[in-house]
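Work through the exercises below with the sequence and the 3D structure at hand. Try each task before reading its solution.

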Amino acid sequence: MSWIAKLVEVPTYSSDSGSLAVVERSHSLPFDPVRAYFIFDVPNWSSRGFHAHKNLEQLMIAVAGSLSVLVDDGSVRREFELDSPSRGLLIGPGAWREMHRFAPGTICLVLASEKFDETDYIRDYQDFVSWRESNC
Ligand code: TYD
């Protein structure tokens with residue numbers, strides 16, 4: 001798997017009065033975010049994702065709780081644990097992702113490089129594999 005997904009540090013400043021984590025344009029965030037959303041209230045029996053994006057880049061951060069993110073480039077699957085607000089998962093274009101094992105109370109913040117566009121989604125796994133074969 002090339003750079004399609006990688007864990008990045010989120011610089012965090014901690015003191016006796018708590019912690020502050022900063023996300024700004026850098027190697028950890030190689031795009032200007034135009035959209036942010038967060039996923040919460042996910043039952044622990046439930047999973048999300050099950051799609052790829054053709055162009056979108058995203059940075060996911062478990063700002064509370066934890067989850068597991070499976071990333072698939074069409075041939076290799078890798079699982080990443082997100083369990084700290086000080087670590088994010090950068091996901092590039094052309095990556096199938098599944099989000100599993102949400103701990104109770106988890107809030108997953110996502111920063112995205114593009115506005116919402118349903119035509120950028122590939123929601124069928126076989127369509128994704130075919131798209132990878134002809135586009136990557
Ligand atoms: P989806 O991306 O499929 O969520 P997940 O991968 O976490 O399961 O989005 C769920 C619904 O929310 C879908 O109906 C599209 C809608 N949606 C928006 O309208 N705007 C957005 O920015 C996002 C991310 C989703």
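The exercises cover strand pairing, nonpolar cores, a surface patch and salt bridges.

The model is predicted, so local features need pLDDT of at least 70 and side-chain atom pairs count only at pLDDT 80 or more, while totals for chains, interfaces and linings use all residues. Residues are numbered from 1 along each chain as its sequence is written, and side-chain values use heavy atoms, with hydrogens and water left out.

**Exercise 1.** Find how β2 and β3 pair.

Solution. Strands (E, at least two residues) are DSSP runs, numbered from the N terminus. Two of them pair if DSSP finds at least two bridges between them. Locate β2 at residues 12–15 and β3 at residues 18–21. They pair in the antiparallel sense over 4 bridges. Ser14 stands opposite Ser19 in β3. With 2 residues between them, β2 and β3 form a hairpin.

**Exercise 2.** Identify the residue of β10 that stands opposite Gly49, and the bridge partner of Ala52 in β12.

Solution. Begin with β5 (residues 48–53) and β10 (residues 96–100), which run antiparallel and are joined by 3 bridges. Opposite Gly49 stands Glu98. Next take β12 (residues 121–122), which is antiparallel to β5 and joined to it by 2 bridges. The partner of Ala52 there is Ile122.

**Exercise 3.** Describe the largest nonpolar core.

Solution. A nonpolar core is a set of buried (under 20% relative accessible area, 1.4 Å probe, protein chains only) Ala, Val, Leu, Ile, Met, Phe, Trp, Tyr and Cys residues joined through side-chain atoms within 4.5 Å. The largest has 18 residues, and Met60, Leu67, Val69, Val71 and Leu89 have the most contacts inside it. β6, β7, β8, β9 and β11 each supply at least two residues of this core. β7 gives the most, with 3 residues. Another core, of 8 residues, lies apart from it and includes Leu29 and Phe31.

**Exercise 4.** Which residue forms a salt bridge with Asp83?

Solution. A salt bridge needs a side-chain nitrogen of Lys or Arg within 4 Å of a carboxyl oxygen of Asp or Glu. The whole structure has 7 of them. Asp83 pairs with Arg87, the closest N and O atoms being 3.1 Å apart. Glu118 and Arg123 meet in another, at 2.7 Å, N to O. Salt bridges that share partners also join Asp72, Arg77 and Glu98 into one network.

How values were computed:
Buried means under 20% relative accessible area, exposed over 50%, partly exposed in between (1.4 Å probe, protein chains only).
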